[in-house]
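Let's take a walk through one protein model, strand by strand. Have the picture handy and follow along.

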Amino acid sequence: TNNPRVAVVTGTSSGIGEAVVKKLCDLGHQVLAVDFNPAGKAVAEAAGAAFFEADLTDADACRAAIDDAVKRFGSVDILVNNAGIQHVSPIESFPEQKWRQIIDLMLTAPFLLSQAAWPHMREGGWGRIVNIASVHAQVASPGKSAYISAKHGMIGLTKTAALEGGEQGITANAICPAYVKTPLVDNQIADQAKLHGMEEQEVIEKIMLKNAAVKRLIEPSEVAEMVAFLCADTAGAVTGSSWNIDLGWTAQ
Ligand code: NAD
């Protein structure tokens, strides 16, 4: 029951975004992959998607990405806000510039992209916004103030979009994963191993999976499966909610 749609996915040159692009292409959708890393072009084209290079901390670049999808494919029906970065530092010494960059990329860009895509979804009477948040949209950890603030904010944006889209056929949902096996996490594992003088496996078990009931990292494809479900025609009643894929982290 899935009609082919036009999807815009951000943060697609690796990790979760790459897996989401592949899944949506496999389902027969027309996909525009958006990333500031030019290497994302080859990644997108290998999956059968088009590519638009944009630094999403720039408001005009956000609007240009949606314009590009409309120019190529005629509309935007699905928006997956996924691009994200991390910076770890206590509040006392957290660089203001890093704070602003993280809020711009992970909260303001999803707002601007939703705003730009909205008229196209409304005109089609059908839309799906999926925001890739985090377990850190539900709980905090020390040292990640900007990331955690952006992700908590993303839940507020999701709920508001759900209320405003309800009578226009537009749904909005968030997905909240714990640690997923991506370059973003590989870098954290390597850093923590150096910092604590531990083996990488020990970092995974003792730090990353400390709060997990299921003791393994999540695969990017597992997140992509949930994106596919939330974007399906059959998920029209699902809106305004947060979907944890957190290995049981928040169950305790
Ligand atoms: P990743 O580093 O593999 O991918 C992030 C992508 O965002 C990259 O392609 C990068 O080039 C792109 N990007 C970064 N800055 C950008 C900018 N200014 N403009 C455009 N693109 C930019 O990381 P990932 O783990 O796949 O993360 C994807 C999303 O999932 C992020 O929002 C992250 O917070 C979230 N998330 C990840 C995990 C995890 O454990 N990996 C857990 C929960 C949530």
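In β5, the residue that pairs by a bridge with I78 is R128. Keep in mind that this is a predicted model. I78 belongs to β4, which covers residues 78–81, and β4 lines up with β5 in the parallel sense through four bridges. How does the chain get from β4 to β5? It goes by way of helix α4, residues 96–124, in a right-handed β-α-β crossover.

Now look to β6, residues 170–177, which runs parallel to β5 and is joined to it by six bridges. Here G127 has I170 as its bridge partner. To get from β5 to β6 the chain passes through helix α5, residues 145–165, and this β-α-β crossover is right-handed too.

Here are the two pairings laid out:

| Strand pair | Sense | Bridges | A bridge pair |
|---|---|---|---|
| β4 and β5 | parallel | four | I78 and R128 |
| β5 and β6 | parallel | six | G127 and I170 |

So what about β5 itself: is it covered or open? Mostly covered: β5 spans residues 127–132, and six of its six residues are buried. G127, I129 and N131 point one way, while R128, V130 and I132 point the other way, and all are buried.

In soluble globular proteins, nonpolar side chains tend to be buried together. The largest nonpolar core in this model has 70 residues, and V8 and V9 touch the most other members. The biggest contribution to this core comes from α4, with eleven residues. Setting aside neighbours within four places in sequence, V8 has contacts including L32, V34, I66, L79 and A117.

Definitions and conventions. Residues numbered from 1 in each chain as written. Predicted model: local features only at pLDDT ≥ 70, side-chain atom pairs only at ≥ 80, totals over all residues. Buried ≥ 20, exposed ≤ 12 C-beta atoms within 10 Å, placed from the backbone. Helix = DSSP H or I, 4+ residues; strand = E, 2+ residues; numbered from the N terminus. Pairing = 2+ DSSP bridges. Right-handed = clockwise from strand over helix to strand, strands pointing away. Core = buried A, V, L, I, M, F, W, Y, C linked by C-beta atoms within 7 Å. Contact = placed C-beta atoms within 7 Å.
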